[in-house]
Amino acid sequence: MDLTYSPPRRRGLPTPQIVAYAILTLGALAMVTPFIWMVATSFKSPGEILQPRFLPEDPTGDNYTQVLTRTLFPQWYLNSLVAAAISTASVGFFDSLTGYVFSKFEFPGKRIAFILVLATLMVPTEMLVIPWYVMAQQTSLVDTTLGIVFPGLITATGVFLMRQAFKSVPDELLDAARIDGMNEFGIFSTVAWPLVMPSVAAICIFNFLGNWNAYIWPLIVTSKRATMTLPIGLAFFSSEAGSAWNLIMAGATLSTVPLLTVFVFLQRQIIQGVALTGMKS
Amino acid sequence: MTLKNRRILWAYLFLLIPLTFFIVVRTGPTLFAFDISLRNYNPMAADKPYNDFANFARLFKDLADPDHVTRKAFENTFKYVLIGMPLQLSIGLLFAMLLNTIRRLRTLYRVIYFIPFVTSAVAVAWVWRSLYMPDFGLFNLILELFGVPSQRFLLDPAQSLPSVTAVVVWQGLGYVIIIFLAGLQGIPETFYEAARVDGANRWKIFTKVTLPLLNPTLVYLLVLQTIAFLRMFAEVVNLSRQGDGGPVNSTTTVVLRVFRESFGSSLNMGYGAAITVMLFVIIMTISLVQMRLTQRQVEY
């Protein structure tokens with residue numbers, strides 16, 4: 001019997017690894033192919049979309065020119081950008097401030113206030129869109145930017161996550177600033193807040209994504225073409241375009257590619273944010 | 001004024017805007033939704049009288065009628081949950097485990113799987129509509145290579161619901177994978193080593209080590225994805241030809257019914273609100289069951 005120890009073979013990858021890579025690559029193809037199809041179709045001529053072919057034989061940029069000049073796409077872009085920026089700025093500030101108070105202050109009624117905020121997580125948006133619409137109508141907010149953004153100016157999820165984040169800030173640090181005579185808002189904004197910036201960035205990125213892609217509420221609160229956000233405009237434009245798939249795919253490409261580019265740059269923060277908090281836009 | 005009281009005042013000052021916001025935009029409208037569900041509520045009408053639970057009476061009558069579109073909407077929604085959620089969780093777990101075994105390119109795969117999740121549901125739906133096209137859609141081009149006759153997918157009432165489910169499963173898969181992967185990476189390597197020393201095979205390790213230790217993640221995703229499928233809306237609107245959950249109501253959902261009743265030509269917001277109250281009760285029940293389940297887990 002050979003009792004000498006022989007190390008496992010180290011040439012190339014072991015079989016389970018090869019199988020894993022093969023399946024993962026197939027999965028990656030399934031994820032990417034629809035996007036390649038989208039971009040490919042967006043460069044086809046109207047005649048070419050009626051041919052059984054994946055890639056355009058004679059690529060044309062005409063579809064993009066048409067979408068950008070004959071529709072309100074640039075306006076929808078702007079509307080989405082403005083709405084997402086306003087709500088993200090508001091969420092970044094107010095979710096932080098509210099989370100800070102719940103994490104670092106003791107005051108009568110704290111429990112009730114916190115439960116009031118947490119309880120709102122139980123109610124699905126779909127239940128609120130009818131009351132919101134009635135409210136928006138009574139206050140003339142239909143077809144306005146404020147009408148689009150008001151439901152999301154402060155989020156309970158963000159408050160909850162920021163409350164957790166501020167727990168890592170040592171109380172001694174805040175007390176030191178108090179002894180130096182700094183006021184409470186100064187302590188929040190210049191001492192505590194900078195220490196939790198990674199969490200603030202995470203909720204801001206998520207909020208931006210969520211607003212950029214939001215559908216049901218902007219659909220309800222906008223009725224004029226000029227006030228639509230990008231998803232609403234894209235849906236509207238696509239259902240008008242009939243079977244002009246080349247135009248529809250140009251519109252879809254225009255509405256997704258900028259955001260996907262940003263995502264690729266921020267992917268580390270976004271994916272880590274999701275993994276740590278389970279955040280969902 | 002004492003220092004302590006000063007701090008209490010600051011706390012109230014800081015909370016003034018946020019709490020007002022939550023009451024006006026969340027709590028108030030929640031109560032308002034219940035109120036609307038008890039009325040004959042047409043926003044254009046001057047009078048919006050209470051109607052003795054007529055909206056709920058109508059809702060239950062419609063649910064009892066096998067041919068009614070509301071009944072169909074609830075049936076479809078449960079089908080989406082029962083087909084889509086297990087499919088998404090099992091594929092997601094498989095891919096997360098594969099990602100956990102490989103040593104290189106993990107980041108690249110994660111990014112690729114996550115792309116559909118950060119894309120808007122509207123864009124995704126329209127891209128898939130063109131993939132599903134009967135004549136020159138990619139899927140039929142592929143089927144043709146294998147000699148399979150052209151399928152009508154979204155246009156065929158028998159295939160439309162699974163076709164819509166596939167889109168939603170595909171889009172949310174990246175999220176499920178990331179959460180599972182985080183759960184898997186939280187399992188200490190020593191547990192696997194101990195199992196291997198005991199001579200456990202791959203299947204044994206999966207069922208006796210991985211699954212039990214992954215249970216909190218599993219329950220979390222199960223609840224979250226169930227609720228996500230219960231709330232399906234954007235995909236269905238944009239995948240059906242008239243945006244109506246067709247063909248012949250085969251893909252319509254609960255939320256789509258709410259939308260069409262409340263904001264369609266009938267403006268029947270009372271009935272729409274009654275359906276949302278029903279949806280709220282269902283989601284609430286699921287969340288409460290989850291709380292019970294996760295609390296029990298803390299004990300072992």
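What pattern does chain B follow, read along the sequence? I read off α-α-α-α-α-α-α-α-α-α-α-α-α. My tally for chain B is 13 helices and zero strands, where helices (H or I, at least four residues) and strands (E, at least two) are DSSP runs numbered from the N terminus.

A note on ground rules: this is a predicted model, in which local features need pLDDT of at least 70, side-chain atom pairs count only at pLDDT 80 or more, and totals for chains, interfaces and linings use all residues. Residues are numbered from 1 along each chain as its sequence is written, while chains are lettered from A and ligands numbered from 1 in the order in which they are written.

**Chain B overall.** The C-alpha trace of chain B spans about 80 × 75 × 35 Å along its principal axes. I found 41% of the 300 residues in chain B buried.

**Where the chains touch.** I looked up the contact and found 71 residues from chain B and 72 residues from chain A (two residues are in contact if their C-beta atoms, placed from the backbone, lie within 7 Å). Helix H1 (residues 3-37) of chain B gives the largest share of the chain B side, 20 residues. That side divides into 55 nonpolar, 12 polar and four charged residues (Ala, Val, Leu, Ile, Met, Phe, Trp, Tyr, Cys and Pro count as nonpolar, Asp, Glu, Lys and Arg as charged, and the others, Gly among them, as polar).

**One residue, Ala275(A).** I found Ala275(A) in helix H13 (residues 245-277) of chain A. Leaving aside neighbours within four places in sequence, Ala275(A) is in contact with Ile178(B), Ile179(B) and Ala182(B).

**A helix pair.** I also checked helix H10 (residues 197-213) of chain A against H13(A): their axes come within 10 Å and cross at roughly 135 degrees (axes are lines fitted to C-alpha atoms, for helices over the stretch in contact, and angles run from 0 to 180 degrees between N-to-C directions). Residues meeting there include Phe206(A) in H10(A) and Leu266(A) in H13(A).

Conventions: Buried ≥ 20, exposed ≤ 12 C-beta atoms within 10 Å, placed from the backbone.
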